[in-house]
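Please look over the model below.

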Amino acid sequence: MLTAYTRLQKILEQTPARLQAFTEAGATEKPAANKWSKKEILGHLIDSASNNHQRFVRMQIDLAITLPKYQQDEWVEIQQWQQREWKDIIELWKIFNQHILHIFGCIDERKLWNTITLGSATYTLQFIVDDYVDHMLHHLQQIFKEENT
Ligand code: NI
């Protein structure tokens, strides 16, 4: 079993209720003009799910692939996450990640050394899987950081 599987499973058990505790106004508020709101951060995590879903599947079909990196700021800006309801963003994030958890459970471990080249760097599937969960935790911490202040 991948460590990433149990880490993501725990996140999916614990996080949706905590996200739902924020109000629509609280989720939409931008801490500064150039900073993402909670809606935009969770939207960014959906963009991460969508881009990494491609990697998780394609890297099990071919030994070595190349894909473009995604321009994260442009992805967030173009999709105007601020106009979506908070509960719908949470639901999409949750459902998409439940499917990614399922994929993690099905990964053929012999394929974990298959590689992807993104820009000038090359990574294994094992790295991409672990990094996906690290990146998610980083942004969830950002969402919850002012919770107790
Ligand atoms: Ni990020």
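Predicted model: local features only at pLDDT ≥ 70, side-chain atom pairs only at ≥ 80, totals over all residues.

Residues are numbered from 1 along each chain as its sequence is written. Helices (H or I, at least four residues) and strands (E, at least two) are DSSP runs, numbered from the N terminus.

- The open sheet consists of 3 strands in the order 1-2-3, with mixed pairing; two strands pair if DSSP finds at least two bridges between them.
- Strand 1 (64-67) and strand 3 are the edge strands, each with a single partner strand, so one side of each has no neighbour in the sheet.
- On average, neighbouring strands of this sheet are turned by 25° against each other, direction ignored; axes are lines fitted to C-alpha atoms, for helices over the stretch in contact, and angles run from 0 to 180 degrees between N-to-C directions.

**Strand pairing**

- Strand 1 and strand 2 run parallel and are joined by 4 bridges.
- Ile 65 stands opposite Ile 116 in strand 2, and Thr 66 has Thr 117 of strand 2 as its bridge partner.
- Strand 2 (residues 115-118) pairs with strand 3 (residues 121-124) in the antiparallel sense over 4 bridges.
- In strand 3, Tyr 123 is the bridge partner of Ile 116, and Thr 124 is that of Thr 115.
- Strands 2 and 3 form a hairpin with 2 residues between them, and Gly 119 in the turn has a positive phi of about 65°.

**Helix 6: length and faces**

- Helix 6 (residues 125-144) has 20 residues, which at 1.5 Å a residue should span 28 Å; the end C-alpha atoms are 29 Å apart, which agrees. The expected span is 1.5 Å times one less than the number of residues.
- Leu 125, Val 129, Tyr 132, Val 133, Met 136 and Ile 143 are buried in helix 6 (20 or more other C-beta atoms within 10 Å of the residue's own; exposed means 12 or fewer, partly exposed in between; C-beta atoms are placed from the backbone).
- Seen down the axis of helix 6, the buried residues fall within an arc of 85°, so they line one face of the helix; the arc is that of the directions from the helix axis to the C-beta atoms.
- Asp 134, His 138 and Gln 141 are exposed, on the face of helix 6 turned away from its buried side.

**Helix 6: packing**

- The buried residues of helix 6 pack against helix 1 (3-20), helix 3 (38-58), helix 5 (86-106) and strand 3; contact means that the C-beta atoms of two residues, placed from the backbone, lie within 7 Å.
- Helix 6 lies across strand 2 and strand 3, and runs at about 85° to strand 3.
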